[in-house]
Amino acid sequence: MKLEWNKLKQTFQVKGKILLPFGLVIILLLIGQAFSPGFFSLSHLAHIVTLAAPLGIMAVGQTFVILSGKEDVDFSSGANASLTIVLAALLLQRYSHGITTLIILAVGLISGLLNGIGVRVIGIPPLIMTFCSSMLLYGVGQAITRGMSIGTSTPILTFMALGRIAGIPVAFLIWMGIIILSAVILHKTTYGRWLYAAGSNPTATHLAGISNKVVGIVAYALSGVLSSFAGLLYLGRFSIPSGFKMAEIYTLPCIMAVILGGTNFFGGEGGFTGSIGSVLALTILDSFFTIFNISQAWRTVMYGLLLVVILIFFVRREKLRI
Amino acid sequence: MSGVRKQVLQILPGLLFLVLISLISGILMPRFVRLLPSSLLLAIPTAFLGFAESLVMIAGEVDLSLTGSLVLINAISISAYTDYHINEFLFVVIPLVTGLIIGAIHGLLVAFGRLNSFLVTAGTSFAWSGLALVILRQPRGKVPLWFNEVFSIGKVLGVPLAVLFIVIAALFWLLFSVSPLALKSYAVGSSPKATFSFGIDVNRIKFYAFVLNGFLVGIAGLIMTGIIGSGDPRLGGFSTVLAVLAALIGGATFAGGTGNGLGAFLAAIGLQFTRNLIAWVGVAHYHLDLFYGAALLVLIAGIAYLRRSREIGME
Amino acid sequence: MATWKIVNWKKAFGQVEALRNLSFELKSNKIYGLVGPNGSGKSTFVKAITGLVKLDSGKLFRDDLEVSITSPKQAWAHGISAAHQDLSLVQNLSVKENLTLIAQHLASLRNTNFASLMQEFYDALDALQFPAPVLSKIGYLSRREQQIVEIAKALGARPSLLLLDEPTSFLTERDIERLFGLLNQMRPQTTIIFVSHRLREIFDICDEVIIMRDGQALGTFNLRDVSLDDVVKIMSGGTSIAWGVTRTVIPSSCGSEPPYFFVEVETKKIHKISVTIQRGEILGVAGLVGHGQSEFLKAIYGLIPSRKRIEINGKPLNIESPLQALRHGIVYISGTSSETTLPHRSIKENISLILNGLKSGFSLANTAAEKQLALTMVNNLGIVCRSVDEPLRHLSGGNQQKCVLARALSADPKILLLDDPLKGIDTLTKAQFYKLIAEVAKNTAVVFYSSDVEELLPIASRIIVIFEGRIVGEFRGKEMTKENILAAALRGGNE
C-alpha cells in the first residue's frame, strides 16, 4: 500500500512539475478576467504571447546553462539582449538584416564562450563570471551609445516582434521554432545526453570519457546566442533603444522562469516545456503590474520577493541531520 | 605559527595590493598624495562592504545584495530625517539598525530557510533597490547639519575621518578574530558537517555571520550617506563585485572557511584606487565602466586560476 | 558509567532500509565489538546514536531512563562521543583549533574548566604518539595522522559511551597497540563500542561482540564462547555461500607471445607497480585501504597524472584521459555510487553513458538502440526494475551497481578495471556479480581491487598485495588465503 502511494506521489511530482506553471497561467488569467473583462480571450492571449516570446527565448538558453551543472546559471542574459538592442539599432542604419543578425549572433556566441571558458576552464563561479560579463556587456553598450540613442527598429524587426501571420503572432512562431530546434538538440543529439549526464553527476560523466568542460562551454555559448537573438525581438518591440540597459530587468525573470518551469537548479533534470508556461505566467504577472499601475520601483521589489518565494519552494539546501 | 603571524600573513595580500596601486597612482598621478584624504574617504564605504562580504564568505555563503542594501540604507536614513523628521542625533543609529535588520532577514532566509545564498541575495538586492526607489523616488533629501559638517570638514578632533574609520575597522576585526564566534565561523565555512558533529549550531553561526555583515553594511551606508550628503536611489555600480573581489584578495574563497576582513578592507580601498587610476589614464567616461569591468574580471580570473592550480597541485 | 538499551531502531534512506528493528543492550565497563558485513547498518547506527542521523522510530534508554538524541549537541550532553569512519574534522583549521571547538562546547556543557579539558585531549594525543605539531592544519595531515586526531578527539572527551568506527584501517601496528592500551585503561569508566571489519582485532580487545546483518542485531556473544569462524558464519547467514564459480586457471604463457596486458605505473603515491595479465585472467588487488590500490587503477585509466607504460598485446598505448583509455578498450568502474551513478536519469541513459561518450557530440542519439541495449543488459545481468525508463535511483543499491557494470560491459572492454565495485552490496547480489565478472573475464583481462579480501578469493586467479605504493606479495593457488594476504597487508611483506 505504501509503495503504491509513493509511486503515485512520484508520478504526480514529475508531471506536476511541468503542469504547475500552466496551472498558474490559468489561475492568473482567471484573476485577470475578474478584474478586467476580456483578459481571458484569445486576442489578449495572443498579445501576452507576443510579449512573452523574447523572454521565452532567453529562458531556453538559460535552461541549457542551468541543466549543465550544480551551480551553473547565466546572469548575463539580459545584458546580451541589451547590447543587441543598441548594437542592432546602430548596425541596421548601415547594414542589411542578414549581416546585422550574423554580427549579433556572433557577439552572443563570443560572450557565451567567454562565460563558458571563465567558468569551466579558469574556474570562476558561474554567478560571478556571468555577472562580470554582464558588466562588460553593459560597458560595451555604454561605450557604443555614449549616452545617445542611435538608430531605430526596422519594419521587418517590428513585424517579427509584433506582427501576425494569419492571426498568429510571428514572435510566437519564432519562439516555438526555437523551442523545437532546442528540444531536438536536447533530446535527440548525443550532446543532449552529455548535458544531462554532466548536470546529474560530473564525476560519473568524466569517468565515462565525456568532457564536462566542453559540455559547459557549449551550454553557455547557446545561452549567449539565444539571449542575443532575443534582443532583436526586444528592439522590434521597443522601436527605439533608450539606454544601454533596456533588457536588464529580464535577467532575473529569465532565471525564475527556468526554475519555476520544473528544471532542477542543480542540473541534470528538466526541459523546455515547463518554461513555456512559466514564462507566460511571469509575463501575465508583469502585465498585472501594468494594469494596476504599479511603478517600476515596486515591480523590482516584487520580482525580488518572487524569487525568494520560488527559492523557498524549489531550491533548498539539504538538512544537516537527515 | 602563532596567531599574530598568521593574521599578518593573511592581511598581506590586501595590504600589498593597496600599496602597489598606491605606488603606481602616486607615480602616475601628480595630485594623488594631495587628494589622498578625500579619495581615501570615498573608498571607505566599499572597504566596509569588502569586510562585510568576507564575514559571510568565511562562513561559506555569499552576499550579493550589497548594492541594493547600501542604497536602501541610504534611502531609509534620508527619508527618516527628511520626511519624518526624526531626532537628528538618532540619525546615526538608523543606518546601523537598518543594516542589522537586512542582515537578519538574509540570515533567516539562508541559515534557517536553507535557501541558496547567492540566489536569495541576488533576489533581495532587487527588492532592496526597488524599495529604495519607492522611498526616495529621485535623488533628494538632506542630512542633519552636524553630520554634514563632520563630513565636509573631513576631520573629527583633528583626525582625518578616513583614518578614524580604518582604525575602527581594524579594531572591529581584531575583536572578531579573537572571539569564539570567529573560530566557529571558519569551521562552519570549511566543513559544516564536521562542525555540526561537534555539537555546534551551524545555522545559528551562519545567521550571526549575516547579521554582522548587515551591521557592517550599515556602517558603509552611514558613511556613504555622509559623503554624498543626501539620498540617491540610483546608486549602484560595481559595489557588490568590488566587495566580492576584495574578499577574495583578502583570502576568502567561495568554498568557505578562509578569509580575512581587514585584508579585504584594505584590498577594497586598493580596488577603488584602481578605478581612479583607470579614470585618470584618460579613459573617457563612457568607456570607464568597460575597462574597469574588464580589469575586475581579469583580477577575478587570475585569483580563480591561481587557486585552482594550487588545488590541483595538492591533489 | 552507564548502561544503554537500544530498542527497535528503524531508519530508511529512501528505498534502502539501513536499520531494521535494531535492538541490543550495552552493559557498563565493557568493550563491545560491532561487526557485520558491508551494508549491515553499523555506520548508520553510529551516526544515529551521535545525533547525525534522525531515526524513523525507536527508543534509547540510558540507565533505564528513556532519552532522545535529536542532535549532536544532545549526544555530547549524554556523554556520547565517536571517532567516525569518514573523519569528522574541520579541514581548514588546525588540530588545536578543532579540539578547542569541542573543549569550549564541553566546558559549558559540563561546567568544567576549559584548560583541563584541552589537557585531556593533549594527553590522548600524546598517548597515541601523535607525530605532528598541534598547530598543523588538518587538511595537510596524512590520513593516518588525521585518524589519530579523530580518535584522540573521541577519547579525550572522557565519554560515558565511546564509539570507534573502523579506527584502525589507517593505523600502524604500534598505533593499534597504543590504542588498545588506552581502551583497556578506559574500560572501568566507559562503555566502548568498537566497530571493525578486522575480526582478529575484535577478538584481541573486546569482551563481547554484537553481530549485525541487514540492519538488525543477530545477537550479542561473549568472545570467550565463540570462535572467529563462528562469528564469520553467523555474519554470513549461517551457511557459507556456495559461490559456484570456479577460479580461472591460466595456462602459463608460451614465452614468445607478448602478454595481453602489461602496465607499469608510477605516481606520487605509487613507487613503481608493474603488472602483466593474460587474457581470461582476473588479477585481484588487496591491501590496507589507501595504500595506492585505487590510485593504481585510476592511473591506468588516465584519471590522475602518472608516469606509465601500458601495452596491450605488445602495442604501447598513450593514455592521458579516460576518453583515450576507453578508445583503447580499457573500462573503469568504481563502487562509490556517488562517483558513477546518474540518479535522476533513466536506467537506459545510465547504461548507455560510456557509449554516448564515445560518440561525437553532433551525432543523433538513438533512443531505440539505448532501450534495446538496456533491455538486453537487464536480462543478462538480472537487474530488477519496472522499466528501463525509470530513474536509476528507484533501484536498490545492488541493482544500481549492476547498471554501472552493464555500462562497462556495453563498451566491450578489453581490460576491465574494477575499483572496489562491491562496496556495500548485499551478499546475494555479490554472488551474482561474481558470476558476471567470471563470464566477462573469459574474453578480457580484469583487474579487481577490493577493500575486503573476502571478495577477491572466490574468483581471482591470483592476488597481489599492495603496501605503501609497492607490491609486497603475490599469491596464487593454495597460498591464496585470507591469512597470508592479511599478513602481507599488515606487515608489508611475505610472512
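How many residues of chain B are in contact with chain C, and how many of chain C with chain B? The legends below take up this contact and other close-up views of a predicted model.

**View 1. The contact between chain B and chain C.** On the side of chain B, 17 residues take part, and they meet 18 residues of chain C. Two elements of chain B, α8 (180–190) and α9 (192–197), each give two or more residues to the side that touches chain C. Of these, α8(B) provides the largest share, with six residues. By class, the residues on this side of chain B are nine nonpolar, seven polar and one charged.

**View 2. Helix α3 of chain C and its surroundings.** Helix α3(C) covers residues 95–110. Its buried residues are Val95(C), Asn98(C), Leu99(C), Leu101(C), Ile102(C), Ala103(C), His105(C) and Leu106(C). An α-helix has 3.6 residues a turn, so residues three or four places apart point the same way. The buried residues of α3(C) pack against α2 (72–77), α4 (114–127) and α5 (143–156) of chain C, and also against α8 of chain B. After the helix comes Asn111(C), which has a positive phi, near 60°.

**View 3. The crossing of helices α4 and α5 of chain B.** Helix α4(B) spans residues 93–112 and helix α5(B) spans residues 117–136; their axes come within 10 Å and cross at roughly 145°. The crossing is right-handed. From α4(B), the contact is made by Ile102(B), His106(B), Leu109(B) and Val110(B), and from α5(B) by Ser117(B), Val120(B), Thr121(B), Thr124(B) and Trp128(B). Five of the contact residues are nonpolar and four are polar, with no charged residues.

**View 4. The contact between chain A and chain B.** This contact takes 34 residues from chain A and 39 residues from chain B. On the side of chain A, the elements that give two or more residues are α4 (97–122), α5 (126–145) and α13 (296–314). The class counts for this side of chain A are 24 nonpolar, seven polar and three charged residues.

**View 5. The two assigned domains of chain C.** The domain assignment gives domain 1 as residues 4–235 and domain 2 as residues 261–491 of chain C. The C-alpha centres of domain 1 and domain 2 of chain C are 32 Å apart.

Technical notes:
Residues are numbered from 1 along each chain as its sequence is written. Chains are lettered from A and ligands numbered from 1 in the order in which they are written. This is a predicted model: local features need pLDDT of at least 70, side-chain atom pairs count only at pLDDT 80 or more; totals for chains, interfaces and linings use all residues. Axes are lines fitted to C-alpha atoms, for helices over the stretch in contact, and angles run from 0 to 180 degrees between N-to-C directions. Helices (H or I, at least four residues) and strands (E, at least two) are DSSP runs, numbered from the N terminus. A crossing is left-handed if the near helix is turned anticlockwise from the far one by less than a right angle, and right-handed if clockwise. Two residues are in contact if their C-beta atoms, placed from the backbone, lie within 7 Å. Ala, Val, Leu, Ile, Met, Phe, Trp, Tyr, Cys and Pro count as nonpolar, Asp, Glu, Lys and Arg as charged, and the others, Gly among them, as polar. The expected span of a helix is 1.5 Å times one less than its number of residues. A residue is buried if 20 or more other C-beta atoms lie within 10 Å of its own, exposed if 12 or fewer, and partly exposed in between; C-beta atoms are placed from the backbone. Domain bounds come from an automatic or database domain assignment.
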